[in-house]
Amino acid sequence: MSTNKLEKSNFPIYIVDAFTKSPFHGNPAAICLVPFDYDAGNDLKQKIAAEMNLSETAFLKIMNKTDSFQSGKCFSLSWFTPSSEVRLCGHATLATAAVLFKE
């Protein structure tokens, strides 16, 4: 078992199937909610995306230290495939919105 400085409990990771109401259908994406005070650089995001091994992993970060994911109004959103950062991903963005509304 490998343990790193980063523990999975530092921020939640969700797997969401976009464009469906049924599990294991639609278009899956991993969604990582990154707290304001946590610096998840591109190298770490890339490693997480590779570990998730889905077409895209979205990283949502709170931009205002006084906000929470429930009350936040300003976020940063980035997307990674298992091998690179991408400029935009529609289904991962939709899945991120679903996590925000549900959680």
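Student: Which residues of helix 2 are buried?

Tutor: In this predicted model, they are His91, Ala92, Ala95, Thr96 and Val99.

Student: What covers the buried residues of helix 2?

Tutor: The cover includes strand 1 (13-18), strand 2, strand 3 and strand 4 (75-80). Take alanine 92: leaving out residues up to four places away in sequence, alanine 92 touches Ala29, Ile31, Glu56, Ala58 and Trp79.

Student: And how should I think about the largest nonpolar core?

Tutor: In soluble globular proteins, nonpolar side chains tend to be buried together. In this model the largest such core has 13 residues, and Ile31, Leu33 and Ala92 touch the most other members. Strand 2 (27-34), strand 3 (57-62) and helix 2 (90-102) each give two or more residues to this core. Another core, of 9 residues, lies apart from it, with Phe11, Tyr38, Ile48 and Phe59 among them.

Student: Now the strands. How many bridges join strand 3 to strand 4?

Tutor: There are 6, and the two strands run antiparallel. For example, threonine 57 stands opposite phenylalanine 80 in strand 4.

Student: Which residue in strand 5 is the bridge partner of phenylalanine 80?

Tutor: That's glutamate 85. Strand 4 and strand 5 (residues 85-86) are antiparallel too, joined by 2 bridges, and a hairpin of 4 residues links strand 4 to strand 5.

Methods: Residues numbered from 1 in each chain as written. Predicted model: local features only at pLDDT ≥ 70, side-chain atom pairs only at ≥ 80, totals over all residues. Heavy atoms only, no water. Core = buried A, V, L, I, M, F, W, Y, C linked by side-chain atoms within 4.5 Å. Buried < 20%, exposed > 50% of the residue type's maximum accessible area, 1.4 Å probe, protein only. Contact = heavy atoms within 4.5 Å. Pairing = 2+ DSSP bridges.
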